[in-house]
Amino acid sequence: MTTSYDCSDPAQRSDGLAHAQRAVAANQCVVLPTDTVYGIAADAFSPQAVATLLASKGRGRNMPPPVLIPRIQTMDGLATDVHPDARKLAEAFWPGGLTLIFRAQPSLTWDLGETLGTVALRMPDDALAIDLLTLTGPMAVSSANRTGSPAATTGAEAYAQLADSVEVYLEGGPRSGTASTIVDATGEDLVLVRAGSISLTQLQEVVPGVREPGAPEDSDGSAPLDPDDAGTPQPPAHH
């Protein structure tokens with residue numbers, strides 16, 4: 001039975017985190033706040049759970065969800081050939097509204113959809129999200145809405161769209177709805193895919209070489225990504 005927890009209350013917060021941890025372990029979906037919007041989350045390493053997440057949103061495998069992580073060190077366990085400049089951006093802007101696209105570790109036994117060997121990672125700047133991620137490990141997370149509808153900025157908005165397809169709703173108050181910024185770090189140069197809560201100017205203050213897309217050399221085989229995940233609108237397919 002679907003349960004909602006008001007996490008502004010310490011007792012409900014504790015109970016909600018425990019229930020959400022059990023749900024994720026059982027391959028069920030949960031809704032949680034991030035620093036951008038509310039997300040629907042599932043165990044990133046469970047193909048069944050990821051399939052349930054995509055079905056709840058009404059989308060296919062051609063739009064794989066990104067992965068939220070609890071600490072910057074997790075990046076090296078999930079991504080390979082991490083560009084030094086991408087590491088600088090992570091150190092500067094995580095936790096926060098920055099999604100970085102990497103080549104995924106080839107040894108990982110997961111199935112996020114048609115990723116073409118890439119993974120989009122973000123460490124959210126939200127205490128409740130980090131506490132849950134610390135309990136569960138990395139989670140596949142997409143915005144808590146049906147595909148084509150506005151992203152939810154409260155738990156109630158998420159429930160209105162996803163209803164009983166989610167086991168646990170963690171309510172943490174309204175969110176800004178401002179998208180995270182996405183940078184493709186799979187090639188030699190870092191390419192801004194979408195400016196969101198972090199501007200290109202801010203990125204270039206840390207890594208001057210971050211550039212806007214458009215040049216032919218940007219076509220590097222990166223996968224299409226979920227356009228309305230938890231605050232991280234994602235890039236079109238590269239051909």
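1. Setting aside residues up to four places away in sequence, Arg175 touches Pro33, Thr34, Asp35, Thr36, Val37, Tyr38, Asp126 and Thr153. In this predicted model, Arg175 is found in the loop between E9 and E10. Two polar interactions of its side chain deserve attention: a polar contact with the side chain of Asp126 at 2.6 Å, and a polar atom of the Arg175 side chain that lies 2.7 Å from the backbone oxygen of Thr34.

2. The largest nonpolar core holds 65 residues, of which Leu89, Phe102, Leu121 and Leu170 touch the most other members. Helix H5 (residues 127-136) supplies the largest share of this core, namely 5 residues. As background, nonpolar side chains in soluble globular proteins tend to be buried together.

3. Turning to the aromatic rings, the count comes to 2 aromatic pairs. In the pair of Phe45 and Trp110, the ring centres are 5.3 Å apart and the planes stand at 20°, so the pair is stacked, given that planes under 30 degrees apart count as such. Phe45 lies in the loop between strand E3 (38-43) and helix H2 (47-57), and Trp110 in the loop between strand E6 (98-104) and strand E7 (118-122), so the pair ties together parts that are 65 residues apart in sequence. Phe45 counts as partly exposed at 33% relative accessibility, whereas Trp110 is buried, with a relative accessible area of 16%.

4. For Tyr159 and Tyr169 the ring centres are 5.3 Å apart and the planes stand at 70°, so this pair is edge-to-face, since the cut-off for that class is over 60 degrees. Tyr159 belongs to helix H6 (residues 155-162) and Tyr169 to strand E9 (residues 168-171), so the pair ties together parts that are 10 residues apart in sequence. Tyr159 is partly exposed, with a relative accessible area of 40%, while Tyr169 is buried, its relative accessible area being 2%.

Definitions and conventions: Residues numbered from 1 in each chain as written. Predicted model: local features only at pLDDT ≥ 70, side-chain atom pairs only at ≥ 80, totals over all residues. Heavy atoms only, no water. Phe/Tyr/Trp six-rings, centres within 6.5 Å; stacked < 30°, edge-to-face > 60°. Helix = DSSP H or I, 4+ residues; strand = E, 2+ residues; numbered from the N terminus. Buried < 20%, exposed > 50% of the residue type's maximum accessible area, 1.4 Å probe, protein only. Core = buried A, V, L, I, M, F, W, Y, C linked by side-chain atoms within 4.5 Å. Polar contact = N/O pair within 3.5 Å; in protein donor to acceptor, adjacent residues only side chain to side chain. Contact = heavy atoms within 4.5 Å.
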